[in-house]
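Student: I'd like to learn how to read a model like this one, feature by feature. Can we go through it together?

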Amino acid sequence: MSNANEEALDFVWQPPTIKSKIFSQTTILGTTSVLLVFIAWGLLVHFEVYRFVLFPSPAEVLEEGIAWVSTHVFWMDAGATTLRVLGGVLAAYIIAIPLGLMIGWKKIFSDLTFPTLELLRPIPAPAYLPLAILLLPWQEASVAFIPFIDAFFPVLLNTIVGVKMIDRDYFRAARCLGSSPKQIFWHVVLPGALPSISSGCAIGMGIGWMGAVVGEMITGKWGLGYRIWEAYILIQYPLIVNGMIAIGILGFGSSVLIRYLTVRLIPWRRSITDSLEESITK
Amino acid sequence: MSDHTATIESQFWRQISRTFVNWSLFRQIMSFVLFLVLWSAIVVAVDYFQQIPTPKAVFMALFETPFKVVLVNMLKSFIRVLAGFFLGILIGFPIGVAIGYSKVAKGLIFPAFEMVRPIPPIAWIPATVLFFVHIESQIIFLTFYGAFFPVVYNTMGGISEVDIRLPRAAMSFGLNKRQMLWKVILPAAMPQIFTGMKLAMGITWILVVAAEMMANKGGMGYYVWYNHTVMDYPHVVLGMGIIGLCGAICSIGIAWVGNYFTRWQRIF
């Protein structure tokens, strides 16, 4: 009995070591899960189940992928798509964030603009493509217009929600201390809304990638979306799968980058926005 | 002194106008008017935008719309969207519940999903051609794929974020596991599950339009693209409006059902 007690007293919490991390339940299950996907894929192709006959095996995809990455075509495509996404999404940030701040802050401004924006919101981005082609002078811009529309509304709505979620007491306190509307904007509205804006930006970036791929598939000369479409027409299945993987990695990477930057830039980011963000992205 | 009465008088009139006129509603209506005026002004005044149809042209196009064609296309889009959406719920919801409920299921399924999720649904179009012979089933697979992840992730998130006190209270009242799931956990997770469904609906409409634009098999996306190719821009704008309306109807429908399932809190 006393022995057990001594043992209990001797127990000191230790931070997880690398070894315990590697052999934890989550890592083991996670690795199995990822491996299972690849094994299932390989087996389905190997035994030619249903229409998997035509599908490339993982080894084939890897081989072709390495060959593809080393060509300059890949880098041109990846660069073109990234630039389009960045152009469209950054434009959306630049327009949507100030607009959202004003809509959330001033009732009159909200009344005058928000109903119209609500009217435009349900129109899906690809439907804007004919107008974009008509409206914008060169093709690059009309492809970038789709990520712009795609990213615009999530960023706008998140900004508005961010402003609306600021505690009213902050406004009252600022006014009591005699701050001008300008000071209220810079010291209350903007910092208060930034956490929500940052999650909006991450979502916008994710959706922007989808928009760019649509645009490139329909009207493109370069880019990963166009390359997949071309591979589809030329029946190069390994290239299709590799293109999908490349788009996935780049899209994921840019979302992670945005999240990392915003977490760094906004140390007062509350945990509540994390759950908000999850509810919106996923 | 006269100044003072003037102030009181002006306040009196302000009070009157506030009680009898809903200025917020007035401004909201003005928002639409302002939008239409700005739109026409830009098209008329700026040379560069002359090709864009004016609101008047779009309105006039309404009278020469082949309603039968539009209705058939609308129906096609609706069937594709709803088929994919309900398939997504049918398959995604149980998986979401399993992932949210059991740690082992989460460990086994979640990483594989995380690996596939960053690939945008649109990028699946060429690959779907391999597995599905008919264009109809390809489009439905696409809408299914778009609806699947939001449903799974929000169901999972909703369940894992249920306040721990609720299941504890239920346990002390002696509920068994099945009752716990149906009576406590799922209702508590409902608001977020419906948020996921709303998101899924938005994504399915985007996907349907994009897929129809490429597929030449009817639907509203095809209607818009066809009118673009014959340079009939008033009908392009009209088609966009109709798609927007359809999307809005769908999300209002979900909000309506969602309100029924989350009667104790009005968030939608």
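Student: How many helices and strands does the secondary structure of chain B come to?

Tutor: Some ground rules before that: this is a predicted model, so local features need pLDDT of at least 70 and side-chain atom pairs count only at pLDDT 80 or more, while totals for chains, interfaces and linings use all residues. Residues are numbered from 1 along each chain as its sequence is written, and chains are lettered from A and ligands numbered from 1 in the order in which they are written. Helices (H or I, at least four residues) and strands (E, at least two) are DSSP runs, numbered from the N terminus. Chain B has 11 helices and 0 strands, and chain A has 13 helices and 0 strands.

Student: What does the radius of gyration say about chain B?

Tutor: The idea is to hold the radius, taken over C-alpha atoms, against a globule rule of 2.2 Å times the number of residues to the power 0.38. For the 268 residues of chain B the rule gives 18 Å, but the radius of gyration is 25 Å, well over that, so chain B is more spread out than a compact globule. The C-alpha trace of chain B spans about 75 × 65 × 30 Å along its principal axes.

Student: How do I read burial, and what percentage of chain B is buried?

Tutor: You count other C-beta atoms, placed from the backbone, within 10 Å of a residue's own: 20 or more is buried, 12 or fewer is exposed, and in between is partly exposed. Buried residues are 37% of the 268 in chain B and 39% of the 282 in chain A. B:Tyr153 counts as buried because 25 other C-beta atoms lie within 10 Å. B:Phe93 is 60 residues away from B:Tyr153 in sequence, yet their C-alpha atoms are 9.3 Å apart.

Student: And contacts? Which residues does B:Val209 touch, leaving aside neighbours within four places in sequence?

Tutor: Two residues are in contact if their C-beta atoms, placed from the backbone, lie within 7 Å. B:Val209, in helix α9 of chain B, is in contact with A:Pro124, A:Pro126 and A:Ala127 on the chain A side, and with B:Met220, B:Gly221 and B:Ile243 in chain B. B:Val209 has 31 C-beta neighbours inside 10 Å, so it counts as buried. On the chain A side, look at A:Val34 in helix α3. A:Val34 touches B:Pro111, B:Ala112 and B:Met115, not counting residues up to four places away in sequence. With 14 other C-beta atoms within 10 Å, A:Val34 is therefore partly exposed.

Student: How many residues does each chain bring to the contact between A and B?

Tutor: Chain A brings 49 residues and chain B brings 53. On the chain A side, the elements that each supply at least two residues include α3 (25–46), α10 (181–218) and α12 (237–265). By class, that side has 33 nonpolar, 12 polar and 4 charged residues. Here Ala, Val, Leu, Ile, Met, Phe, Trp, Tyr, Cys and Pro count as nonpolar, Asp, Glu, Lys and Arg as charged, and the others, Gly among them, as polar.

Student: At what angle do α10 and α11 of chain B pack?

Tutor: Axes are lines fitted to C-alpha atoms, for helices over the stretch in contact, and angles run from 0 to 180 degrees between N-to-C directions. Helix α10 (residues 220–229) and helix α11 (residues 233–261) of chain B pack at about 165°, with axes 8 Å apart. By class, the contact has 8 nonpolar, 4 polar and no charged residues.

Student: Where is A:Ile235 found, and what is its phi?

Tutor: Most residues other than glycine have a negative phi. A:Ile235 has a positive phi, near 55°, and is found in the loop between α11 and α12 of chain A. A:Ile235 counts as exposed because it has 12 C-beta neighbours inside 10 Å. In chain B, B:Asn216 has a positive phi of about 55° although it is not a glycine. B:Asn216 lies in the loop between α9 (177–215) and α10.
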